[in-house]
Amino acid sequence: MRRIAFAIAAATVAVPATAADITGVWATGTEGGRVEIYKCGGALCGRVVDASRLRANPDLRDVRNSDPALRQRKLKGLVVLKGFTGGPREWKGGPVYDPESGDGAPKGQLKLLPGGKLELKGCVAFFCRTKIWTRAG
């Protein structure tokens with residue numbers, strides 16, 4: 001009886017923790033992009049770790065940024081998600097930044113979808129843009 005109770009307790013504790021863990025590397029689906037989601041303080045953040053343009057030029061800068069003052073930042077390691085809190089399936093935070101377009105949003109949402117996918121939504125006022133990321137293997 002103890003073994004059954006322990007097994008049930010272990011399964012109850014372990015499944016939600018691993019299912020809701022979105023830390024790790026995610027494929028963005030465009031330009032071969034890869035973003036690492038990591039813990040930053042009590043929140044989650046994300047940084048660029050790879051992209052096809054970076055493989056061609058590891059010193060690539062944020063030249064698509066709409067702010068000319070930020071165009072000299074290196075893309076590799078650039079923080080594109082900040083301050084996301086919540087869980088276990090949805091997180092809110094911001095700002096979010098898309099180096100592929102140079103656009104950013106002051107706030108965003110992350111939602112863990114079935115099949116190992118992550119929905120990222122960035123909104124400016126009433127206008128939102130959504131991307132689906134998959135875990136990089």
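**Charged pairs and burial in a predicted protein model**

Author: There are 2 helices and 10 strands in the protein, where helices (H or I, at least four residues) and strands (E, at least two) are DSSP runs, numbered from the N terminus. This is a predicted model, in which local features need pLDDT of at least 70 and side-chain atom pairs count only at pLDDT 80 or more, while totals for chains, interfaces and linings use all residues. Residues are numbered from 1 along each chain as its sequence is written, and side-chain values use heavy atoms, with hydrogens and water left out.

Reader: Why is the contact of Arg-73 and Asp-62 called a salt bridge?

Author: A salt bridge is a side-chain nitrogen of Lys or Arg within 4 Å of a carboxyl oxygen of Asp or Glu.

Reader: How do you know whether Asp-62 is buried or exposed?

Author: Buried means under 20% relative accessible area, exposed over 50% and partly exposed in between, with a 1.4 Å probe and protein chains only. Asp-62 has a relative accessible area of 0%, so this residue is buried, whereas Arg-73 has 28% and is therefore partly exposed.

Reader: What makes the side chains of Arg-61 and Asp-59 a salt bridge, and how is each residue classed?

Author: Their N to O distance is 3.2 Å, which is within 4 Å, so the pair counts as a salt bridge. Arg-61, at 26%, is partly exposed, and Asp-59, at 38%, is partly exposed.

Reader: Why does the salt bridge of Glu-100 with Lys-131 tie together parts of the chain?

Author: The closest N and O atoms of Glu-100 and Lys-131 are 2.8 Å apart. Glu-100 lies in the loop between strand S6 (96–98) and strand S7 (103–105) and Lys-131 in strand S10 (residues 127–135), so the pair joins parts that are 31 residues apart in sequence. Glu-100 and Lys-131 are buried, and they belong to a network of salt bridges that also includes Asp-98, Asp-103 and Arg-129.

Reader: How do you know that the charged end of Arg-47 sits over the ring of Tyr-38?

Author: A charge sits over a ring if NZ of Lys or CZ of Arg is within 6 Å of the ring centre and within 35 degrees of the ring normal. The charged end of Arg-47 is 3.9 Å from the centre of the Tyr-38 ring, over which it sits.
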